[in-house]
Amino acid sequence: MDDPHYLSGLQLAGRRVVVVGGGSVAQRRLPRLLRAGARVELVSPHTTPAVGAMADAGELVWHERRYAEGDLTAAWYALACTDDAEVNAAVCAEAEKERVFCVRADEGVSGSAVTPATGRHGGLLFGVLSGGEPLRSAAVRDSILDGLHSGTVDDDRVHAATTEDLPGVALVGGGPGDPDLITVRARRLLSRADVVVADRLAPRELLDDLAPEVEVVDAAKIPYGRAASQAFINSTLIEKAREGKFVVRLKGGDPYLFGRGFEEVQACAEAGVPVTMVPGITSAFAVPAVADVPVTHRGVAHEVVVVSGHVAPGDDRSLVDWSLLARMRGTIVLMMGVERLPLFAKALLEGGRPADTPVAVIEDGTMRTQRALRSTLSDIVDDAEAAGVRPPAVIVFGPVAGLTRGQDG
């Protein structure tokens with residue numbers, strides 16, 4: 001049987017919406033109502049902590065009591081989402097009398113409105129109804145979103161005038177390597193790119209999803225080998241944008257964490273080219289996480305320092321106080337440190353870090369070829385050499401590198 005509902009977009013900004021019930025259902029529904037600008041009043045003797053926090057923050061008005069006849073007076077929309085069927089029925093009855101559309105969460109067919117599974121993409125907001133099969137609605141919604149994010153579902157981007165379609169550059173963090181770990185916004189911008197300037201550590205599989213007409217520029221930076229100069233990258237971004245093309249600069253990890261991203265932003269700004277910044281999941285924290293190395297842990301580490309390893313300790317160009325790091329008790333995450341690992345380990349030992357400090361080295365983190373090495377500060381150099389560790393790898397020094405799932409903090 002076809003779903004008999006009539007889909008319509010409600011303009012609720014500034015209008016009174018009454019939510020009866022402060023449990024988990026309300027917790028799910030409230031954020032979208034608040035985002036729509038509704039003037040929400042919640043009626044419930046108790047709430048979940050998250051709903052209570054919304055009230056404490058002034059996002060809604062909480063009437064800390066049970067529902068009473070008359071609560072829907074002058075409302076535009078109502079939700080009955082208590083765990084008491086009789087109360088929900090009473091709310092719906094009053095809504096019918098007051099001519100207020102009402103969603104009944106526990107028995108959708110008994111309300112005068114239903115909540116669709118909604119999705120948001122760019123300037124689009126869409127809803128899916130399936131005649132009382134919410135899991136089916138959600139599955140279809142998710143499939144549409146996946147298609148929009150990947151570009152396999154066309155959202156008519158040529159004619160949809162949004163700010164993200166204007167010529168310019170999007171500086172996009174691609175995450176630690178696994179293409180599933182790139183952000184939703186990053187995928188959306190990639191699907192709209194005319195030119196993609198990609199780093200070696202950016203998720204390579206995503207390039208295969210691009211339309212055939214998209215130009216891909218290799219900006220690989222290979223450690224101690226061939227690399228595109230930063231000047232070449234900057235000039236490419238500027239020139240392509242000035243041609244009226246939308247350029248995505250796809251970088252690994254997060255562009256602002258040892259990614260030289262802000263240098264590219266400065267170069268574009270000086271040339272008058274607009275830049276959209278899209279942060280990415282940083283490898284400094286994500287790679288240890290997938291290898292079961294938490295960079296902080298209660299009672300073990302209260303501090304984390306992320307350090308670049310492209311300059312050795314003692315080098316005149318170094319901005320790092322290695323003697324200070326050695327005296328710390330927390331976590332040190334070393335990026336780009338494989339080549340000079342003996343020098344970093346020596347600096348920490350000479351600075352006073354205990355020789356038995358746990359160390360973890362995670363190579364090709366989040367990728368199919370990922371492997372992890374556990375060792376100690378005194379042995380890590382020999383162990384890494386024996387294991388043939390190669391970049392890219394994230395190195396973690398500190399007690400957290402010795403934790404296992406069976407331990408209790």
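Modeller: Happy to! Let's start with H6 and H7, which are oblique to each other (angles under 35 degrees count as roughly parallel, over 145 as roughly antiparallel, 65 to 115 as roughly perpendicular and the rest as oblique). This is a predicted model, in which local features need pLDDT of at least 70 and side-chain atom pairs pLDDT 80 or more, while totals for chains, interfaces and linings use all residues. Residues are numbered from 1 along each chain as its sequence is written, and side-chain values use heavy atoms, leaving out hydrogens and water.

H6 covers residues 230-242 and H7 residues 261-270; their axes lie 10 Å apart at an angle of about 45 degrees (axes are lines fitted to C-alpha atoms, for helices over the stretch in contact, with angles from 0 to 180 degrees between N-to-C directions). Helices (H or I, at least four residues) and strands (E, at least two) are DSSP runs, numbered from the N terminus. The crossing of H6 past H7 is right-handed (the near helix is turned clockwise from the far one by less than a right angle). On the H6 side, Gln230, Ile233, Asn234, Leu237 and Ile238 meet Glu263, Glu264, Ala267 and Cys268 of H7 (contact means heavy atoms within 4.5 Å). Five residues of this H6 and H7 contact are nonpolar, two are polar and two are charged (Ala, Val, Leu, Ile, Met, Phe, Trp, Tyr, Cys and Pro count as nonpolar, Asp, Glu, Lys and Arg as charged, and the others, Gly among them, as polar).

Phenylalanine 258 is not a glycine, yet has a positive phi of about 55 degrees. Its relative accessibility of 38% makes phenylalanine 258 partly exposed (buried means under 20% relative accessible area, exposed over 50%, partly exposed in between, with a 1.4 Å probe and protein chains only).

Now for a second pair. H10 and H11 pack at about 160 degrees, with axes 9 Å apart. H10 is therefore roughly antiparallel to H11. H10 also passes H11 in a right-handed crossing. Leu341, Pro342 and Ala345 of H10 make the contact with Ile380, Val381 and Ala384 of H11. Here the residues divide into six nonpolar, no polar and no charged.

A cis peptide bond joins proline 391 to proline 392, with omega about 0 degrees.
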